[in-house]
Every structure is written in structure tokens, then in C-alpha cells.
Amino acid sequence: MKLRIIHFSDLHLEASFAWMGSEGATARRRRRAQRAALDAIVELAREHEVDALTCGGDLYEHDRQTPRTGRFLCELFESLHPVPVLIAPGNHDWLGPASLYRQVDWSPNVHVFSGSRLEPFELESGVTIWGGAHRSPARTESFLDGFEVDREGIHLGLFHGTLRSRRGTGDDRDLLHAPFTLDDLRASGLDHAMLGHLHAPDHHRLYTYPGNPEPLNFGETGERGAVMLEIESSGNLTTRVLPVSGTELHEVSVDVTGHGHLHSLQQQVTAALSGLEGLVRLRLHGEQDPALVLSRPDFAGLADVAESVKVEWGDLRPALDLDHLAREKTVRGRFIQKVRASDLPPERQGAVLRMGLRALDGNRDPGGL
Amino acid sequence: MQYLSVQARAFGALRDRELELAPGLNVIHGSNEAGKSTWHAALYLALCGARRGRGRGRERERQILERYRPRIGSDYSLATTIELEDGRRVELVQDLDGKVDCTACEALLGHDLSSGIIHEGAPDGARWMQLDRASFLATACVEQGDLLEVLLQAEALQEQLQRAADTSGVEATAQRALEILDRYRREQVGSDQPRSQRPLARARQRLDEARACREAREEEFAEHARLLEELSCWREREEELQGEVRKVRGALDFRRAHRGREKLEQATRLEETLEELEREGEESARRKRLAARVRSALQVREACQLEGRLQGPPVAELRRELEQLSDGSPQRSDLDSGVVETHEAYRRTLRAIDDHDLESPSRRSLAHVVRGLAVTSCLLLGAAVSVPSGHPGLALSLALLGGGGALLGLVLSIGETLRTRLELRLWQRTHAELEAEASELERRLGEALREAVGSVVGGDGRRLEPGELERAFQLYLSRRRRREGREGVDARRREILEEIERRKVDETSVRRLRKLRGKNRRRLLRLAREAGLEGGDETELATRLASWAREVEAGDGEERALEEKREELLRLLGERSLDGLRRDVEESIEEVRAILEEFDLEEIRHLARQDGVSLADLEEARREAREATAELARRLGQIQERELHLGSRVEAEEEVERARREVERLLELDETIELTRGFLEEARDEVHRDLAPRLVRFLEKYLATVTLGAYDRARVDPRTLRVQVRSSAGDWIEATALSRGTAEQIYLLLRAALADELTGKDEVCPLLLDEVTVHCDARRKTRILETLKSLAADRQVILFSQEQAVLDWAREHLEEGRDRLIQLKSSARVGETSRREVELEQG
């Protein structure tokens with residue numbers, strides 16, 4: 001008889017999406033999508049008749065949670081009763097006096113680990129889940145320091161922490177959030193650790209990082225979602241990813257080379273965005289005509305069905321031979337020389353050069369990109 | 001650099017034409033529409049080519065390119081051979097149509113030099129002069145309009161100088177750029193003053209508003225958190241009070257359980273005692289009832305013994321005596337009617353007592369029924385048991401019938417017992433009343449007889465026994481009869497008659513008494529059997545029964561003790577049964593056990609012992625707990641109400657973030673503008689400061705020569721590039737204030753100077769002039785041509801003109817080998833056909 005557990009982490013309910021730079025409606029849709037992802041996870045748990053649903057922390061963001069967050073979680077997890085829902089608070093949903101975990105009147109099937117050391121929860125006879133909680137937003141010590149299982153049976157870990165071997169040992173940030181090594185894990189006696197914290201999914205014989213199930217930013221790669229763990233009575237464990245996100249992410253690049261006018265470039269961008277759903281990151285690159293002034297609002301509204309378009313500037317080079325111009329014995333040449341010789345960072349140099357050359361060109365709109 | 005030749009394969013109206021040029025002054029003359037402008041453009045495009053790539057490019061270049069595109073054919077191309085200052089000859093081919101087949105090859109070795117001069121996708125020969133096709137056009141090409149502008153506008157010379165110095169004349173001046181930046185800053189950033197409506201001020205205002213909104217929201221949440229904390233305190237308080245309630249109730253429960261247990265033990269003992277006593281009591285009651293019946297039977301027996309004997313003659317004898325009386329009707333006796341009446345009443349009462357004894361309640365008849373039912377039930381049950389197993393229905397029916405009979409017998413037995421008890425009480429009361437009445441009458445009769453008969457009867461004053469009464473009454477009657485002398489026959493007759501009547505009554509009574517005695521004897525025997533007394537004759541049995549009844553009646557104290565214990569038990573039990581009390585006590589103990597899971601036993605025990613803990617304390621604790629619960633509910637409601645109106649913190653935060661980014665963007669833009677301005681101003685000041693003395697030197701090199709000594713010195717303001725020249729009289733004169741001719745000369749000198757300045761140090765830029773003398777009078781024209789001739793000593797000058805005076809001057813002043821006069825022969829409109837008119841005459 002197999003034991004089935006669905007594990008997820010790093011949902012980050014109530015996260016801020018200010019980075020999208022869009023209006024509030026887009027951010028609200030993102031947050032709704034996060035809740036829909038959790039709905040989907042619970043539905044999967046129900047559908048697969050799991051023995052437990054586990055969360056490896058960062059379920060929500062403590063600084064931004066509201067009573068509605070608590071009600072949503074409470075009602076959702078209660079709907080799964082009597083299936084146990086085990087939660088190991090992370091650094092974003094750390095367990096404090098004012099945290100939702102303390103305020104919400106959870107249904108009996110919800111168990112929130114509260115110890116700074118791993119505590120046992122006997123899922124069924126011979127199967128123990130060891131969980132712990134972050135009790136502050138940072139500087140949580142490793143859950144595995146000095147830990148060793150003290151009984152027979154199958155042992156699973158559930159906590160939020162950083163596997164240091166993934167990023168090396170030199171990153172101080174790793175030390176803030178329950179760092180541990182693979183050797184610590186081996187020495188603990190845990191058969192498998194269900195983890196959270198790292199948003200990039202990582203599946204190993206000894207641990208599982210499911211990654212954030214709903215996208216939090218562009219550039220997230222790897223198959224992510226909830227993870228189904230199936231454990232046989234022999235201790236043999238298999239995992240498989242169950243995607244839960246309904247959000248599509250698209251990366252679109254458009255070359256601005258040769259576009260002397262905004263209109264023609266917008267036409268090309270519109271064609272590139274046509275039919276794309278979800279979130280789109282539009283990256284403009286290429287040789288930029290000096291007369292072409294780029295501004296994000298000019299492109300953000302060109303998508304027909306996409307939920308949101310985030311405009312970024314890629315490798316944009318002015319369609320000018322700056323080396324040649326710099327050799328001019330003119331004010332323009334001297335200006336280029338001086339800007340280039342300055343200690344301004346490259347991006348700022350580029351902005352100053354663009355603005356100065358446009359002004360020298362008589363362009364009344366020297367700003368923008 | 002100098003042009004050696006230009007070939008127009010297909011350019012405007014030109015087809016397969018070539019123009020060869022000298023290194024000095026080249027005057028290309030032709031009438032209107034002879035192709036001068038075409039060749040002028042061809043010289044420019046053959047050297048610089050056209051930009052290759054998407055986009056519109058610069059307007060002026062685009063116009064030139066489109067103007068000379070052939071209407072027929074597709075070989076829109078030019079070629080030129082140039083010579084660089086290092087002696088290299090380069091052949092440039094410019095494919096102006098597809099812009100693909102463009103090359104730049106060294107004429108001698110055939111090396112492709114294109115890659116070194118590619119600009120905007122096509123070879124640009126101007127790059128060898130550190131110019132490009134745009135700046136070459138602005139620097140090397142002087143048109144009629146440029147000259148006119150200088151002559152007509154006071155500031156044009158200075159602006160052209162600035163433009164050339166700032167952007168090779170291609171674009172705006174640095175000053176103009178700075179103005180653009182300032183205006184852009186005003187419009188796109190604006191003042192940071194709070195009242196400003198410019199973007200930065202508005203963005204700051206939005207940021208302040210967003211921050212205020214976020215802070216307000218944070219305060220809302222802080223208030224909410226505070227309320228939650230208070231709620232938590234109230235919850236703890238409520239739990240504490242509820243705990244206090246449970247503790248007090250637990251103490252009371254403990255006490256109650258303790259007392260209940262004591263009460264239970266006491267009640268149990270009582271119950272056991274009562275059961276025993278009741279068992280005994282039932283027997284005692286039965287014996288008492290039996291004793292009462294014995295007493296009654298004994299009384300009846302005694303009464304029967306006293307009155308059972310007939311006195312006087314029998315009725316027949318009296319009748320004979322009556323018949324023997326001779327006459328007279330019976331006479332009325334004058335006996336004292338009071339004694340007689342009392343005697344009669346006394347007799348009636350005795351009879352009534354006898355009759356009443358006969359009506360003594362008996363259970364016999366119904367007991368027989370009950371007993372019959374019991375026997376029948378037993379038989380039926382027995383039959384049911386013995387019915388063969390194959391007839392379960394019959395067995396069940398018999399069993400049901402037997403059970404029903406037994407139940408009916410039981411019910412009837414209980415009912416009969418109750419009824420008998422009630423009847424017995426009624427009988428006893430009536431019996432007692434009759435006895436009392438008989439006793440009273442007996443007393444009155446005795447007193448009356450004592451008065452009438454005197455000491456003969458009961459002279460000792462004691463109460464007369466019934467037999468004595470009867471004898472005294474008879475004596476009274478006889479004495480009265482003797483005492484009264486008038487007793488005659490009538491009297492005797494009356495006596496006989498009365499005697500007869502009395503005798504009849506007595507005989508009836510005796511018969512009844514005998515019957516009663518017999519009945520009473522049987523009753524006594526039965527009662528003796530019930531009392532366990534058997535044997536002996538009737539008298540002995542009666543004596544033993546009387547003794548037994550006295551013993552039984554002496555046992556009333558046990559009954560009272562039983563009643564007292566029963567009352568005590570009832571008081572202990574209240575309205576419960578003993579089992580009920582036991583259940584209550586067990587429940588109390590269970591409640592105490594639950595309490596002890598929460599509280600310490602000693603604490604509860606101690607509290608239970610305290611006299612202060614009472615129901616009032618419990619009520620007080622409950623009241624406080626209720627108040628706390630109500631307050632908790634009120635606060636919870638308040639919080640829930642607030643929660644309905646709590647906004648989103650993350651949205652407020654995002655709004656702040658957006659506003660902050662906008663402010664940062666504007667500040668960054670402002671900083672970028674400021675940096676740009678700074679770099680531009682520095683560059684302008686440096687270039688102008690460097691340029692000014694070189695311009696002065698260039699001007700002074702030619703000034704005296706071209707002005708024939710009228711002006712010898714020049715100065716240029718490094719900041720504004722304002723030009724002044726010094727006259728031979730020593731006056732400094734603004735260049736814009738000079739005569740037109742001198743101004744034109746100085747302008748051409750300055751253009752040449754700027755071309756030299758803007759061109760790389762290894763090359764010399766040729767000058768291409770188009771009709772620059774057309775508006776000059778003859779004298780000015782000559783001075784311009786002489787100036788050009790002077791400039792051509794150091795660079796190639798190519799002058800296009802339609803004027804005869806220029807042609808004449810060229811024929812006279814151009815030097816063989818160094819200079820060249822080219823005449824474009826034209827007889828028709830250039831461009832109508834490519835083959836009709838173009839001929840070159842080289843002088």
C-alpha cells in the first residue's frame with residue numbers, strides 16, 4: 001500500500017507584483033492566480049485521495065497578509081478535512097504572535113509545526129513527518145543541526161531552508177534561512193526531505209524542492225508545481241510534478257534596427273504579441289535609429305489577449321558610429337569623448353549620450369530611450 | 001583628398017559620362033539646366049554613397065538621392081576616382097539603387113578598402129577625412145543659399161560657425177541643444193516646488209499620497225493587530241474566568257460528590273435496614289391486622305357468651321298464662337319509660353354491634369380468585385414449558401396466558417390489599433363508634449337502674465357488666481310490678497305480652513348469637529391458625545389468642561421506628577430513588593474526574609473545604625465569565641466589522657512602489673538632463689576655446705590678401721564664435737557689419753577654415769561650391785573668385801557657375817595643370833534625354 005503526499009511550497013500569497021510596473025488590476029489578477037493555484041493543489045489532493053498535503057513554507061507573505069488571506073486558507077484546508085494538512089512556516093510566513101497561523105481558528109486537520117527544532121508528526125503507524133518552523137524572518141538556524149531520528153519506520157522531513165551546496169558556502173544570505181548541507185541531510189536519518197525556499201525546482205533522491213507553483217517573475221525555468229510523493233511500505237519513494245499554474249509566460253524579442261519611426265516598430269511588436277496569452281516580457285534590442293524614441297507605455301498596450309506586457313530594453317545600440325563621431329573635432333565629438341571618459345556607469349553614459357545627441361540633432365524629445 | 005574623376009553611369013539625366021578634375025580650382029561652367037547641380041550631387045554621392053538600411057535616413061540626403069534617381073533603367077550608380085593625401089588612388093563605386101554593389105578599391109593594387117569606410121551600411125569616402133556623408137555635405141558643400149543666409153541674417157554667420165563647430169554643421173548647435181534640454185526639463189520634470197503642476201512635483205505629490213495611504217492602511221492593520229491582541233487577552237481572560245467557573249463548579253461538584261457519596265452510603269445502609277425492617281414490618285402489619293381481627297372476634301365471643309342465655313319462661317308458657325287471665329285487655333305498664341327506653345336503646349346498639357361484627361371485611365373471596373388465578377397461571381406456564389418443541393406458537397400462547405394470569409393475580413392482590421386496609425379502617429371506626437355508644441348507653445342504663453333498684457345492683461359504684469345490667473333490669477321490672485299494688489290482671493297481661501315480645505326478641509337474639517357464636521368460633525379457629533396457635537378448646541384458644549393479640553399490639557414502636565427510618569431515607573433521597581442517587585453521585589464523581597484533569601486535586605479539595613466557596617461564588621464566577629464572553633463577542637464583532645473594510649496592504653504598497661519609481665525615474669531623468677547639459681557645455685566651451693584661435697590664424701593667413709590689405713587681423717570669441725576683423729585703420733569691426741563682398745570673403749574663408757578644422761589632420765577636405773557668386777556684382781565676384789583661387793592653393797575647390805563673368809575670369813586666371821575649366825554644353829533641358837546634350841569642354 002502506497003502512502004501518497006502532495007507537497008508544495010513558496011506560493012507567496014499576497015506577494016507584491018509592483019515589479020510588473022503595471023496598474024493594480026494586473027497585480028490583483030496575479031494574486032487571484034496564486035489563489036487559483038492553491039485551489040488546484042487542494043483539488044489534486046482530493047482527486048488523488050492523498051494521505052497528507054504538505055507545505056514547505058512561504059505559503060503567504062506575513063507583512064502583506066490580511067484577514068481575508070486567513071479566511072481563504074482556513075476554508076480551503078478545512079474542505080480537505082480529514083486529510084491532514086501539514087505546514088512548516090518559512091521566512092516569509094514566519095511563525096510569530098501576530099501570524100495567521102496564530103490568529104486563524106484552523107480546522108482539526110491542519111497542523112502547523114511550531115518548533116525551532118524538528119518535531120514529529122505521526123502520519124500513520126511507522127511513518128513520521130518531522131517538521132519545524134521559522135520563528136523569525138531571518139537568522140533561522142539549521143533544522144538539521146544535531147538532529148537525528150529516534151525511532152523506527154519511514155521518516156520524512158518538512159521544513160523551509162537553504163541547501164548550501166547548491167549555491168556554495170560563501171553567500172551570506174544562505175546563512176539567514178536555515179542552511180544545511182547534503183551531508184547534514186544524510187546524517188539526519190531522514191529518508192526524504194520535503195523542502196521549500198528555493199524557487200527553482202530541484203528533485204533529488206534525498207530531497208524535493210517543488211519550486212513556486214505559480215510564477216512570481218520572468219525567467220523561472222524548470223517544471224514546477226505541486227509534487228506527488230508516493231512512498232511504498234519498503235521505503236521506496238517516487239516523485240512526480242503536477243503542474244497547477246494556469247499562467248503562460250512568454251519571452252518576446254523584437255529588433256528595432258531599421259525602424260526610424262515608432263509606428264512601424266509598434267506594428268512589428270503588435271504582430272509579435274498577437275495571440276499570446278498570459279504574461280509577456282517584451283525585450284527590444286538592436287540598432288536604434290537616433291530619431292526613434294522608445295518609451296514603455298508605447299508598447300505595453302499593444303497585446304491583444306495577453307494579460308500583461310512587461311517592456312524591457314535589451315541590447316539597444318544607437319544606429320550611430322559613436323567611435324567615428326567621437327573623433328569629430330566638433331562639440332558633438334568632444335561631448336561623446338567626455339561622456340565616455342566619465343566615471344558614469346555604462347547605462348547612465350548611454351542615457352546621457354542618447355539625450356545629448358538627440359538634443360544636438362534638434363530633437364525636441366531627447367528623453368526616453 | 002581630391003577628386004580625380006567622376007563617372008555617372010546612370011544618374012539623373014547623365015548616362016555614362018565622366019568628369020575629370022584638377023587638384024586646384026575647378027570651375028565648371030554651364031548654362032541653366034546644363035547639369036551643374038547634377039554633377040554637384042554626383043560628386044557628393046560618388047564619394048559618400050547613400051546609407052543602406054531600414055529607416056528613412058536624413059531628409060537632405062534622402063531628397064538628393066530621390067531627386068537624381070533615373071526614370072528609366074535601374075543602373076542607378078556612380079563611380080569616382082580619388083587621391084588621398086598619402087598618394088593612394090581609390091576607385092569608389094556607389095550602387096545607389098540596391099546599395100549592395102558598392103566598393104572602394106585601391107586603384108593600383110586592387111585592395112578592397114570598403115570595410116574601413118563603411119558607414120550606415122555603405123562605403124563613405126568622407127570617412128577618410130574623419131567626416132561622414134552627412135558632415136561632408138554640411139562642411140564641404142557650400143551652396144548659394146548658405147551665402148545668402150549669411151548676408152541677409154545678422155546671426156547666420158555665427159550660427160553657421162557654431163553649427164559647424166558643434167555638429168559639423170549637420171545638426172543643431174550646442175546652444176540650441178542646451179535650450180532643447182532646458183525646455184525638455186521644464187516640460188518633463190519641472191520644478192520640485194510643492195505647488196508646481198509639473199511631472200516631478202505631481203509625482204512627489206502622488207508618492208506622498210500613496211505613502212499616506214499606505215501608512216493609513218498600516219495604521220489600520222496596526223489597530224487591527226492591537227484589537228486582535230486585545231481580543232486575545234480577552235479570550236485568555238474569558239478562558240481564565242471560564243476556568244474559574246469550572247474550578248468553583250468543580251469544587252462544588254467535589255463537595256457535592258463527597259456529600260453525595262456520604263449520603264449514598266447512608267442511604268444504602270438505610271435502604272438495607274429498611275428492607276429488613278419492611279420485611280419485618282410486613283409481617284408485623286399482618287400480625288397487627290390479625291390481632292385486630294382476633295380482638296374483634298374475642299369481643300364478639302365475649303358478647304355472645306354474656307347474652308347467649310334465655311331468661312324467664314318461654315313464649316308458650318307465657319301464652320298459656322295469658323290465656324288463663326280472665327279478662328281485661330292488656331294494661332299498659334307504668335314502668336319508668338326512661339329506664340325502659342334506655343334499656344331498649346342499649347339493646348339496639350348491641351345488636352348493631354353484632355351486625356357490624358358480621359360485616360367485618362374479609363379478603364377471602366377475592367383471595368380465592370387471586371389464588372385461583374395464580375394456580376391457573378402456574379399451570380399454564382407449566383403447560384407452556386411442557387409443550388413439545390414443534391409447537392412454539394402454542395407454548396408462547398400458553399406462556400402469555402399464564403403470564404397474563406399471574407399479572408392479573410398480582411394486580412388484584414395489590415388492589416384487594418389496599419381495599420381491605422381501607423375497609424378495615426372504616427369498620428374499625430364504625431365499630432369503635434358503636435362500642436362508644438353502647439358504652440354510653442350502658443353507663444346511663446346502669447345509673448338509671450342503680451337509682452331504681454338501689455344498692456342491690458352494683459352497690460360498690462363500679463360499672464355494671466352487661467349480664468348484671470340485664471339482671472338488674474329484670475329485678476327493676478319485678479320490683480316495680482310488686483311495688484305497684486294496682487297491678488291487676490291488665491298489668492299482668494301487659495307484662496306477659498311484653499314478656500312474650502321480649503322473649504321473642506331474646507329468642508331471636510339467642511338464635512342469632514348462636515349463629516354468630518358458631519361463626520365466630522370458626523373465625524377464631526381460622527385466626528388461631530393464622531396466628532400459629534392451634535390446639536386446645538375454644539376457651540383456651542381464646543385465652544391464648546387474647547394473649548397473642550396483646551403481644552402483637554404492644555409492638556407499635558417498631559412501626560414508628562420503621563416510619564422514621566423511611567422518612568429519613570426519603571429525606572436523603574429527595575424525589576430520587578436510591579439508584580437515582582447512585583447515578584447522581586457517579587455523575588458527580590465523573591464530573592470531578594474531568595475537573596481534576598484540568599486542576600490539581602489538592603487545590604480542588606482545598607477549595608471544596610473552604611466555607612467561602614458556595615453557589616453564590618459559582619454564580620458570581622459565571623456572571624463574570626458571561627460578561628467576559630459578551631465582551632469577547634462584542635470585540636470579535638467589532639473586529640469582523642473592521643475586517644470588512646480593511647483594504648489591501650499589498651496594493652497600497654504597490655501604489656507606493658509605482659509612485660516611488662515614477663519619482664525616481666523623473667529624478668534620474670533630471671539628473672541625466674543635468675549631466676547631459678554639463679557635458680555639452682563643457683564640450684562646447686572646450687571646442688570653441690580650441691577652435692577660436694585656429695580660426696583666427698586661418699583668417700589672418702588669407703585676410704590681408706583677399707581684402708587687398710583692408711583688413712589684416714581677426715579675432716573670434718571663444719564662447720560665441722563671434723568674428724571681428726581689424727581694419728587697416730585699426731578698428732575692430734563685427735564680421736556681420738562688413739560690406740557684403742568682404743563678408744562673403746570672410747564667410748568662405750571661415751568655411752574653408754572649418755573644413756580644415758573638422759577634417760582629420762592627414763587629409764584636406766575639398767570644397768564644392770554651387771553658384772556662390774550669382775548674386776554678387778562684378779567686383780565682389782572677382783574677390784570671391786580670387787579668394788577661392790587662394791584657397792585652392794591648399795585644397796581642391798570645385799566651383800559650379802552659370803555666369804559668363806566667372807567663365808571669363810576662369811579663362812584668364814586658371815593655371816594650366818593646377819586648375820581646370822570645364823564647360824558643360826547644353827542646348828536643351830537636361831534630363832529630357834540622357835544622350836542629347838552633355839559634352840564636356842575642358843580648358
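Analyst: Let's begin with a term: two residues are in contact when they have heavy atoms within 4.5 Å. By that rule, 58 residues of chain A are in contact with 64 residues of chain B. Please keep in mind that this is a predicted model, where local features need pLDDT of at least 70 and side-chain atom pairs count only at pLDDT 80 or more, while totals for chains, interfaces and linings use all residues. Residues are numbered from 1 along each chain as its sequence is written, chains are lettered from A and ligands numbered from 1 in the order in which they are written, and side-chain values use heavy atoms, leaving out hydrogens and water.

Next comes buried area, the accessible area (1.4 Å probe) that two parts lose on being put together, summed over both. Chains A and B bury about 4,900 Å² between them, with 53% of it on carbon and sulfur atoms.

A salt bridge is a side-chain nitrogen of Lys or Arg within 4 Å of a carboxyl oxygen of Asp or Glu, and the count between chain A and chain B is 10. One of them joins A:Arg71 to B:Glu643, whose closest N and O atoms are 3.1 Å apart.

Which elements of chain A give two or more residues to the side that touches chain B? They are α1 (24-47), α2 (67-78), α9 (322-327), α10 (331-341) and α11 (346-360); helices here are DSSP runs (H or I, at least four residues), numbered from the N terminus. The largest share, eight residues, comes from α11(A).
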